[in-house]
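I opened this structure to look up two things.

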Amino acid sequence: MQNNNLILGKKISFPKEYDPQILTSIDRNASRISAETYRNKFYGLDRWTCYELSWLGINGNPKNGVLSIEYSSESPFFIESKSLKLYLNSYHNFIATNNIIIETITNDLRHCLKSNVSVTLLNKPHPIDQRNLYTNLDHIPHSGVLDKVDKSLLSLSPKKEFNIYKLSCSLFRSLCPVTNQPDWATILIQYKGRYIDESSILSYLLSYRSHKGFHEECAELIYTHIMLQCNPDELSIEAKFLRRGGIDINPFRTSLKEFSYFPYRDLRQ
């Protein structure tokens, strides 16, 4: 779907009743070809946490919950975020049990994405990750901020240390490709291979500050560039984006066909 056909960036009235036709999808393949991220095989999932879901119980009293949505990165489409926000708001006068809410949302998303979808209704958000597994890059020296993404900033260290490394950066910023509004995220990188200079990784991530790309595209571009420039044996990237419209989006991409994943929340989310 072309960007000019999206709800994003347009003035739209909030729906007064349940309306699954609001949901809009974006073609992954078209997105990947334009960003040249199709050249590297990866696996993973997209996880969305929606904090603003409300409906009416069978007795007519309002209810609310936190909605967790997961679907494979191999799905042919991904969700356009504003359409999901409006769609979920269309439930505000929808009378249903919790099970009907989950079943209805699951079926509507499957139809939109042409893919299996896992939908969970939570009483509270996912737990914050307090394991301290990652080395934070935020305060190390770097080469400055560029006005465009530059994969050549990434460089292997002459130390040639081969190990498993876990890195995080909470300074990531990119721009919505439709509205130009800033999107903020913590980026988690785990790789196995020769040591990549940490200053070069930070400089590379900071080069996204004026880059226009959907959340999923940014995560896949980071994955692709690290693979092309540094060739690690294993690589996993997770982008934990902050909420916009009551929704946070968390694309996860990995070289591992069989991977484990737990939906921890970043402290800033």
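Definition first: on a 1 Å grid over the protein atoms alone, a cavity is a set of points where a 1.4 Å probe fits but cannot get out. A pocket is an open set with protein on both sides within 12 Å along at least five of seven lines, and lining residues have an atom within 4 Å of a point. Grid points are joined across faces, edges and corners, and a volume is the space filled by probe spheres set on the points.

I noted that this is a predicted model, where local features need pLDDT of at least 70, side-chain atom pairs count only at pLDDT 80 or more, and totals for chains, interfaces and linings use all residues. Residues are numbered from 1 along each chain as its sequence is written, and side-chain values use heavy atoms, with hydrogens and water left out.

**Cavities.** I found two cavities of 30 Å³ or more. The second largest cavity holds about 40 Å³ of space. I listed its lining as C50, E52, K85, L88, N89, G245 and I247. Two elements, β2 (43–56) and α2, each give two or more residues to that lining. Helices (H or I, at least four residues) and strands (E, at least two) are DSSP runs, numbered from the N terminus. α2 gives the most, with three residues. By class, I count three nonpolar, two polar and two charged residues in this lining. Here Ala, Val, Leu, Ile, Met, Phe, Trp, Tyr, Cys and Pro count as nonpolar, Asp, Glu, Lys and Arg as charged, and the others, Gly among them, as polar.

**Helix pair.** The axes of α2 (residues 81–89) and α3 (residues 98–113) come within 12 Å and cross at roughly 150°. The two helices are therefore roughly antiparallel (an angle over 145 degrees) to each other. Which residues meet? L84, Y87 and L88 in α2 meet T104, I105, D108 and L109 in α3, with contact meaning heavy atoms within 4.5 Å. This contact has five nonpolar, one polar and one charged residues.

**Largest pocket.** I read about 470 Å³ of space here. Of its 26 lining residues, Y134, Q190, S236, F252 and S260 are the closest to the centre. The elements giving two or more residues are β7 (162–175), β8 (182–194), β9 (234–241) and β10 (247–254). β9 gives the most, with six residues. The lining has 14 nonpolar, four polar and eight charged residues.

**Second largest pocket.** About 380 Å³ of space lies in this one. Of the 18 residues that line it, D129, N132, S168, L188 and D266 are the closest to its centre. β7 and β8 are the elements that give two or more residues. I sorted the lining into five nonpolar, six polar and seven charged.

Terms used. Axes fitted to C-alpha atoms, helices over the stretch in contact; angles between N-to-C directions. Parallel < 35°, antiparallel > 145°, perpendicular 65-115°, else oblique.
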